[in-house]
Amino acid sequence: MISAPCAGAVPSPPVPDAPSPTHGIAMHGAPALPSDFDHFPYAEPQARKGGRLRVGVAGAFDSLNPFNLKSGSAAQGLVGNVFQSLMARSLDEPFTLYGLIARSIDIDSARAQVTFHLDPRARFSDGQPITSADVLFSFELLKTKGRPQQRIAYGLVKSIDAPDAHTVHYDLTGVGDRELPLILAIMPVLPKHATDVERFADATLAKPIGSGPYVIDDVKVGERLLLRRNKDYWGADLPSQRGFNNFDEVDIQYYRDGNSLFEAFKAGLLDYRDETSTTRWASGYDFPAVADGRVVKETLKNDMPKGMEGFVFNMRRPMFKDIRLREALGMMFDFEWINANLYAGLYTRTKSFFDQSELSSSGRPASAAERALLAPFPDAVRADILEGRWRPPVNDGSGRDREMAKRALDLLERAGYAIEGGALRKNGEPVSFEIMVKDRNQERLALNYASSLQRIGVDARVRLVDEVQYQRRRQKFDFDMMIGQWIASASPGNEQRMRWGSASANQEASFNLAGASSPAIDALIAALLAAKSHDDFVTAVRAYDRVLLSGFYLVPLFHASEQWLAHSTDIVRPARLPRYASPMFGPTLESWWRRDH
């Protein structure tokens, strides 16, 4: 019998709820699929198995190690195909994971105690069982030698232990990061018995051992990676894998540049193409294979936020610390002329870091809840952005908008700049910088922008560098301005620390290209990570979007509102596509299959 407490006694603190087992975990709310689900809604369990898929990539590779930035340029297609994680992500939900190597997860309501139960059937491709020792090994290795975002996230873990060969427990007490259990669940699991710890950071062409549905069959450095489906793949009948990985072979071919890649597709050497060029999409698909029906074009839509791309200012350069200069330079980007004359009018100007989604602040006045989050930082958001009225400046489309140039010069004059001897100067120092680009498409865009900047006395020089130099300079922040890209997720989270958090501003190889360092940004990243409900999450992300926009860290570019793809009629996709497939990577090709002729 439980007795009532004596009068005046101090009540005992509440006992935390015991973790309960579940087949999946969602960032907010519960998983959409029941525990007995048969397959993901966008998979076709009866899909034909067999044949080869040929896809192309622009660039080259010199390593088969995708887990360390210092290991060279890693081949694409390894993560997910060769290496898999504890749980699998459903692209039909913003951020929900279901069983894979771990068949279930136990977690308390505070997400402070997390336990993964491994599937005893799980095997690496060499037949060795996957045990908790492999998970602990992978965690410690990636925590110390992995990518920066992994080191940061895993460094938050208070402790990890393995009660038995199929159980892994994480103590996250005091972390206050509700996304961290999901980040741990998508950690790749590496084989302890077949991983060289001492050389883990090195580039290597040794064929790795993973637990995924494919193994590496052939490698031609910088040219080709051939994956072969593992007929003994242990997880083929798991609900999260059923209907996927249908091709016997995946042939990933590398081409020198985008033009040669497109020519290979036209020649029938590739099966699939995710098109990003408006010029090609508008006028480049008049080749015979399209005319006679061997290749089809498709325009798709999904619910994924469109993300941000722009000319980013490196604020580590003293010149760009003045926000008024950054805003004025942004006024001179003539999207209207560029879109009409270079891109067939097919692009939409980007006005939010989460455009065309419920997470975007654009066109929406800040709610009372948003204002409460922003209250400790009264100067972090401009009034027009707080009220949802701000848009990127609209030019008249002439290519020489006098009124916009006048607005930019008026703002610069108030900031202490003046045109002297044909050059924009402040305290006698000219505004002069370099725009680093990596290909001809970026070069064409940058040259147009530089020409517009000349009209207000700004000397912007465009420099085209090769891929190796480009990546080296980007990772070391050795640039004045470059085109940055921040792909948006339907569930932004920990990755935002590496993109905009203060701790990443001077961390080599982070994606904080601008060098942003703001207490408001840090607080709102913490708020979106701590959100328990969907409404609280949306509130935090919109407030975060407003702070980023108010910083004028970049000149927003544009995006395609739809996804353009072309593919051979020899490959088939399910009628139902996932809601949140990223337009940057095409629909989930793991769910496609080769037609049976």
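**View 1. Glu370 and its contacts.** Leaving aside residues up to four places away in sequence, Glu370 touches Pro365, Thr539, Arg542, Ala543 and Arg546, where contact means heavy atoms within 4.5 Å. This is a predicted model, so local features need pLDDT of at least 70 and side-chain atom pairs count only at pLDDT 80 or more, while totals for chains, interfaces and linings use all residues. Residues are numbered from 1 along each chain as its sequence is written, and side-chain values use heavy atoms, with hydrogens and water left out. Glu370 sits in helix α9 (residues 368-374); helices (H or I, at least four residues) and strands (E, at least two) are DSSP runs, numbered from the N terminus. With a relative accessible area of 2%, Glu370 is buried (buried is under 20%, exposed over 50%, partly exposed in between; 1.4 Å probe, protein chains only). Its side chain reaches the backbone nitrogen of Ala543 at 3.4 Å. Tyr544 is 174 residues from Glu370 along the chain, yet their C-alpha atoms are separated by 9.2 Å.

**View 2. The buried side of helix α8.** Phe335, Ile338, Asn339 and Leu342 are the buried residues of α8 (residues 335-342). They span an arc of only 105° around the axis, which puts them on the same side of α8; the arc is taken from the directions from the helix axis to the C-beta atoms. Their cover includes α5 (278-283), β16 (348-349), α12 (440-454) and β24 (558-559). Just past the end of α8, look for Ala344, which takes a positive phi of about 55°.

**View 3. A three-stranded open sheet.** The strand order here is β2-β5-β4, with antiparallel pairing (two strands pair if DSSP finds at least two bridges between them). β2 (24-26) and β4 (87-90) are the edge strands, each pairing on one side only. From one strand to the next, the twist averages 25°. Zoom in on β2 and β5 (residues 96-99): three bridges join this antiparallel pair, and Ile25 stands opposite Leu97 in β5.

**View 4. Helix α7 packed with helix α11.** The axes of α7 (residues 323-331) and α11 (residues 402-414) lie 9 Å apart, at an angle of about 170°. Axes are lines fitted to C-alpha atoms, for helices over the stretch in contact, and angles run from 0 to 180 degrees between N-to-C directions. The two helices, α7 and α11, are therefore roughly antiparallel (the cut-off for that is over 145 degrees). On the α7 side, the contact is made by Arg324, Leu325, Glu327, Ala328 and Met331; α11 brings Met404, Arg407, Ala408, Leu411, Leu412 and Arg414.

Methods:
Polar contact = N/O pair within 3.5 Å; in protein donor to acceptor, adjacent residues only side chain to side chain. Parallel < 35°, antiparallel > 145°, perpendicular 65-115°, else oblique.
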